[in-house]
Amino acid sequence: YVDRCRFFVILAPTVVHEEGHTIDYNTWKTRGWCRFERFARVMSSSADTTMLLVRGPKTVFQIGSHDYMFDPVGSGDFSVEADKHRIAVLAKDLIKAKAAWLLHRRGLRDY
């Protein structure tokens, strides 16, 4: 579904979780599946990998997707440890698809 999206929106306002701790974009970035969605955006066939970060009712930022390089998907927090293995297979497929797309659409420079 990420490949088909025109806009990639992250809803990550700063709020107090029901357990009492504060959550925000920084905590969003620690979650494995959230990291994978961002990675999928980068690996999509879209030339525009820009993302919109909603931090509050009147606060929206346009952000780049390059943070994926500093927050590896496999190092994210998963509530189900076996999901890391599922992610590895999916990530490999996304990388192959992106490489094929770049080779086909843009030539060797970006490949």
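Reply: A salt bridge here is a side-chain nitrogen of Lys or Arg within 4 Å of a carboxyl oxygen of Asp or Glu. This is a predicted model, where local features need pLDDT of at least 70, side-chain atom pairs count only at pLDDT 80 or more, and totals for chains, interfaces and linings use all residues. Residues are numbered from 1 along each chain as its sequence is written, and side-chain values use heavy atoms, without hydrogens and water.

Me: OK, how many salt bridges does the structure hold?

Reply: Four. One of them joins arginine 86 to aspartate 83, at 3.2 Å from N to O.

Me: Where do arginine 86 and aspartate 83 lie?

Reply: Both are in helix H3, three residues apart, which is about one turn of the helix. Helices here are DSSP runs (H or I, at least four residues), numbered from the N terminus.

Me: And aspartate 83, buried or exposed?

Reply: Buried, at 10% relative accessible area. The cut-offs are under 20% for buried, over 50% for exposed and partly exposed in between (1.4 Å probe, protein chains only).

Me: What about lysine 84?

Reply: Lysine 84 pairs with glutamate 81 at 3.5 Å between the closest N and O atoms. Glutamate 81 is exposed at 51%, while lysine 84 is partly exposed at 27%.

Me: Switching to cysteines: how many disulfides?

Reply: Zero in the whole structure, taking a disulfide as two cysteine sulfur atoms within 2.5 Å.

Terms used: Helices (H or I, at least four residues) and strands (E, at least two) are DSSP runs, numbered from the N terminus.
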